[in-house]
Amino acid sequence: MKICYYPGCTLKTKAKELDAYARKAAEALGVEMEEVKDWQCCGAVYPMAKNEIATKLSAVRALDYAKHNGGKLLTLCSACHNVIKRVNDDMKNDENIRTKANNYLALEESYNGETQVIHYLEMLKNEVSFDEIAKKVVKPLNRKVGAYYGCLLLRPSGVLAFDNPENPSIIEDFIRAIGGTPVIYPFRNECCGAYVSLKNQTLPKERSAKILNSAKEKGAEEVITACPLCLYNLQVNGAGILPARYFTELLAEALGVK
Amino acid sequence: MQRIGVFICWCGSNIAATVDVKRVAEAIKAEPGVVYSADYQYMCSENGQQLLKNAIKEHNLTGVVIGSCSPRMHEATFRRAAAEAGLNPYMLEVANIREQCSWIHKDMDEATEKALILIRTAIAKVRLNTPLQEGESPVTKRALVIGGGIAGIQAALDIAEAGFEVDIVEKNATIGGRMAQLDKTFPTLDCSACILTPKMVDCAQSDKIDILSYSEVEEVKGFVGNFKVKIRKKARYVDEKKCTGCKVCMEKCPSKKGLNEFNMNLNNRTAIYIPFAQAIPNVAVIDPEQCIKLKTGKCGICQKFCGAGAINYEMKDEFVDREYGAIVVATGFRPINIDAFNEYGYSDNADVITSLELERLMNAAGPTNGVLLRPSDKTHPKVITFIQCVGSRDVSGCGKPYCSKVCCMYTAKHAMLIREKYPDTEVHVFYIDVRTPGKNYDEFYRRAVEQYGVDYIKGMVGKVYNENGKLMVQGSNLIDNEQVIIPSDLVVLATAIEPEPSVRKIATLLTASIDTNNFMNESHPKLRPVESPTAGVYLAGMCQGPKDIPETVSQASACAAKVIGLLVKDKLKTNPCVAHCNEMMCNGCSQCANVCAYGAITYVDKEFRIGGGKTEVRRVASVNPAVCQGCGACTVTCPSGAMDLSGFSSKQIMSEVEAICKR
């Protein structure tokens, strides 16, 4: 299986391992990730202003590329996924944004949200299937892992349509598939503090401690995430409570390709 | 040739602001057959009607077209006025130039042009109209009330009071409904059972009221004044006439693990049971899913101990056929299922409960005998947090878009009762808005805040989670603009209400309509609020929309007034716009009978002359005009064009289409 892949800037710099393990694991699972040609930064934060077009254009370019290269766009970073999926929804449902973006880009054929945006976890669940993954596991985890979803994968739930925002289960199912025991804890879908840590350490420290302590109390030995910013906050602002890692690292470990 | 008069209504500015009424009235004068045309500010006013009457007389009009609002609004008004002036009312047609024209268009030229087309269309029809005579049908002087809650009880009592017989069909083993489950009622805090049970007893003692408990409506035929209803009396395995309600069976029954629905499943009941102490009828019922004898054939203990010999394991469902003149739907409500609201942890924590569960925990006849103990460890909760609008005013799709209307008041009631009974308890209430319109309602809420010190927090709750045995309620305080976490012992969810789901089936049986939220539709939201659009069907209580007890009782009494007004009549006028069969064209194929939803079409063998002194017998369709509702399904189905509808003949409709298409 071959699929268009959008890595994003962070995965080329701070979060190289999120990307590297994902590629190794995909190879082991028989998935060929073909990087979008000449991709640009997604903008990192979805612009909420209704008249904002410029910062959405790079997402549209990637989406249009994928439209002509298999129709699916694979994302991995939670932030990129959130931005691209929401921009795609705008291109599909917001006439104003669609018209302006198309007018600006002047593509050969206008882009109207045709591409299907799928996150790496969704790819594992729906394209590969957790049962198939379980069969290919050579080194089962055999430990208790807390899934940390954060906000960006789940919300806004109507557009992201990723999982139940209050009681998600996809990462837990993933943990089970690679031989671990998922730990359900109340703060797995709460915000880590995100960009606030750039100017104020108190809030993210408080949030990260809350999340990690909540996981620890329920018996987790480590937590996993799909978001570079979440991982930063959990590791730096929640230092010393529980180890936090990318979910792709555990996948590569279980598949024996780490 | 008809002499047609046309009247264009301004409807104040409703029509005149978008349609050039003068131009329309002037242009229409040129139409063949039109001998009079006028425009007037309010045709429905006394003066407007007088204008109509005078014109009919002065110009010898044989047909009238009124360009005004929807015929659903004022057709009856105008036809009555025409009749008073000596014109057959069915010679008058309404062209809807308001809802279907002025209200939906902005451009005056376009709207005026369209109004002209609509009026020409109505003129084309009137040219082919023929005078029609209304028939008469008798009225069965008995009413059916579906649902035995406070709405059904009040409607039945009022109808019985006027001297008419009423049957209450209640699907549960006792009447009383949701009100019987409540502890106290707002805004007076009087005991719910104390004011309800006397009314239940009145129903039982009235010689005009027949209570069919544990029964369901199975089939409805007929029409206003003449409903024929089949009622299923479900097997209760206890002879209603013999059971004395002594409860010995309940003491002896070995199957004790059934969930007590009356107590919101907070405790258990036996397989044979009387739902609650004041049940009417005070007769036991056996739960066949739970009864050891009915499931395995072994046991029979209740039969052995029953001194009255009332137990009968062989009992089967029975069917009762009754006839009614009017039907009141009072099927009530239930709290919505809140499993989709994972943020509140209802399914994970025993101490997160719904408001109706709290009612039972506070009630002296409830599972804790009225002592407020939390379900998990039976201790007194010291901090109680209420969350309002759980599922109400919800646009996420998990809940309901509407306001459930009763929650603000009952939450204030709960908070107050708890502070009164257990002053050492801390009570918090999260709310979006506090909505308390109504007599003495806002005063009631203010008492909770000012006198009882209930802590009202404006904001929504994002999460309820268990931390070291405490329920942590995490929410926002919008006034202080901060996030708050309240460690609580008990969390009460003010759950949205929805119509009892059986209402869908009832609505289908009655061919009455329901809205997107499953509430029964009223005929007019303001002016006919207790009548269903289906003639002879009336609506009381929560089946029509969220409302509290005072409103429900008012609506039930209003229903009763409407029913009494119907039942005092000996005969009803029937709609003359019904189907009829041209026997010369009918080939007896049965297709019309197959599509008739009302069973109005039968077949008869008739002798016809075929020339040369010979005759032949043919099978032809025959319409019962009293049963036909004039829907027209048969006329479009008939392959030979034999079926036609008086007042809406195929010819009339085709001439309307032609008028629209002709430019």
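Colleague: What's the strand order in the open sheet of chain B?

Modeller: It runs β24-β25-β26 in chain B, three strands with antiparallel pairing. Strands here are DSSP E runs of at least two residues and helices are H or I runs of at least four, numbered from the N terminus; two strands pair if DSSP finds at least two bridges between them. It's a predicted model, so local features need pLDDT of at least 70 and side-chain atom pairs 80 or more, while totals for chains, interfaces and linings use all residues. Residues count from 1 along each chain as written, with chains lettered from A and ligands numbered from 1 in written order.

Colleague: Which strands are at the edges?

Modeller: β24 (461-467) and β26 (482-488) of chain B, each pairing on one side only.

Colleague: And how many bridges between β25 and β26 of chain B?

Modeller: Seven, with β25 covering residues 470-477 of chain B. Within that pairing, B:Q474 sits opposite B:I485 of β26(B).

Colleague: Switching to chain A: is helix α8 mostly covered or mostly open?

Modeller: Mostly covered: six of the eight residues in α8 (170-177) of chain A are buried, meaning 20 or more other C-beta atoms, placed from the backbone, lie within 10 Å of a residue's own. Among them are A:I170, A:F174 and A:I175.

Colleague: What do they pack against?

Modeller: In chain A, α5 (120-128), α6 (130-136), β5 (144-147), β6 (181-183) and α11 (247-255).

Colleague: Which residue has a positive phi just after α8(A)?

Modeller: A:G179, at about 85 degrees.

How values were computed
Buried ≥ 20, exposed ≤ 12 C-beta atoms within 10 Å, placed from the backbone. Contact = placed C-beta atoms within 7 Å.
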